[in-house]
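Thank you all for making the time this morning.

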Amino acid sequence: MGRTMKKYLAAILTALAMTAGLLVGASAPSSAACPYVGCARTTTTFQAPAKVARGNAPVVKARVRTQGNAVPKGVFKVIARGTKGNAKGTRVTRIVKVNKNGRATIALPKNLKLGRYSLVVRYVKQENSAFKSSGSKKAPLRVVRRK
């Protein structure tokens, strides 16, 4: 029996089983669509000021999304790396839990050194989660003197 014939026979048997009610073709809800650990994609975005005066805490608003109506559980990891000025070589990290809406507000320290920083937010999935971890694009932050 050739390959084409086997495929044709399998299609006929499947159709007969479905009409008899022995086989049901239904789609799973979005949260159960991925039965494996770490297979659903996520997208991480954030908003932060481009410039802040020293002594004021830069506030980062982060969000994680996925397809469907499910909300990924886990934490956001905000990393500020100093790139120029007195900040060069400085690294500040903050970790905050994702809320029930997939968002978080993270305040960086008030005493950041003067200079330029590169900000990145990473979503780190909860253990045994169906979602993948993800990271945002980089954004600049400048810490300037108070006027």
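Before I name any element, let me say that helices (H or I, at least four residues) and strands (E, at least two) are DSSP runs, numbered from the N terminus. What you see is a predicted model, in which local features need a pLDDT of at least 70 and side-chain atom pairs count only at pLDDT 80 or more, while totals for chains, interfaces and linings use all residues. Residues are numbered from 1 along each chain as its sequence is written, and side-chain values use heavy atoms, with hydrogens and water left out.

In those terms the chain has one helix and nine strands, and the pattern along the sequence is α-β-β-β-β-β-β-β-β-β. As to confidence, pLDDT is the predictor's confidence in each residue, on a scale from 0 to 100; the chain averages 85, and 86% of the residues score at least 70. Over residues 26–31, however, the pLDDT is below 50, and this stretch has four contacts in the model beyond near neighbours in sequence, where contact means heavy atoms within 4.5 Å.

Turning to the interior, I call a residue buried under 20% relative accessible area, exposed over 50%, and partly exposed in between, using a 1.4 Å probe and protein chains only. Buried residues make up 31% of the 147 residues in the chain. A nonpolar core is a set of buried Ala, Val, Leu, Ile, Met, Phe, Trp, Tyr and Cys residues joined through side-chain atoms within 4.5 Å; the largest one here has 25 residues, and Val-60, Phe-76 and Leu-108 have the most contacts inside it. At least two residues of this core come from each of β3 (59–65), β4, β6 (103–107), β7 (115–125) and β9 (139–144), and β7 gives the most, with four residues.

Which strands form the open sheet of three, and in what order? The order is β1-β3-β6, with antiparallel pairing, and two strands pair if DSSP finds at least two bridges between them. Because β1 (43–47) and β6 stand at the edges with a single partner strand each, one side of each is left without a neighbour in the sheet. Five bridges join β1 to β3, with Gln-47 opposite Lys-61 in β3. β3 and β6 also pair over five bridges, and there Val-60 has Ile-106 of β6 as its bridge partner.

In a regular strand the side chains alternate between the two faces of the sheet.

Let me now take two single residues. Ile-79 is found in strand β4 (residues 74–84) and is buried, because its relative accessible area is 2%. Leaving aside neighbours within four places in sequence, Ile-79 is in contact with Arg-91, Val-92, Thr-93, Ser-118, Leu-119, Val-120 and Arg-122. Val-121 is 42 residues from Ile-79 in sequence, yet the two are 6.4 Å apart in space, C-alpha to C-alpha.

Asn-128, by contrast, lies in the loop between β7 and β8 (134–135) and counts as exposed, because its relative accessibility is 63%. Most residues other than glycine have a negative phi. For Asn-128, phi is near 60°, a positive value in a residue other than glycine.
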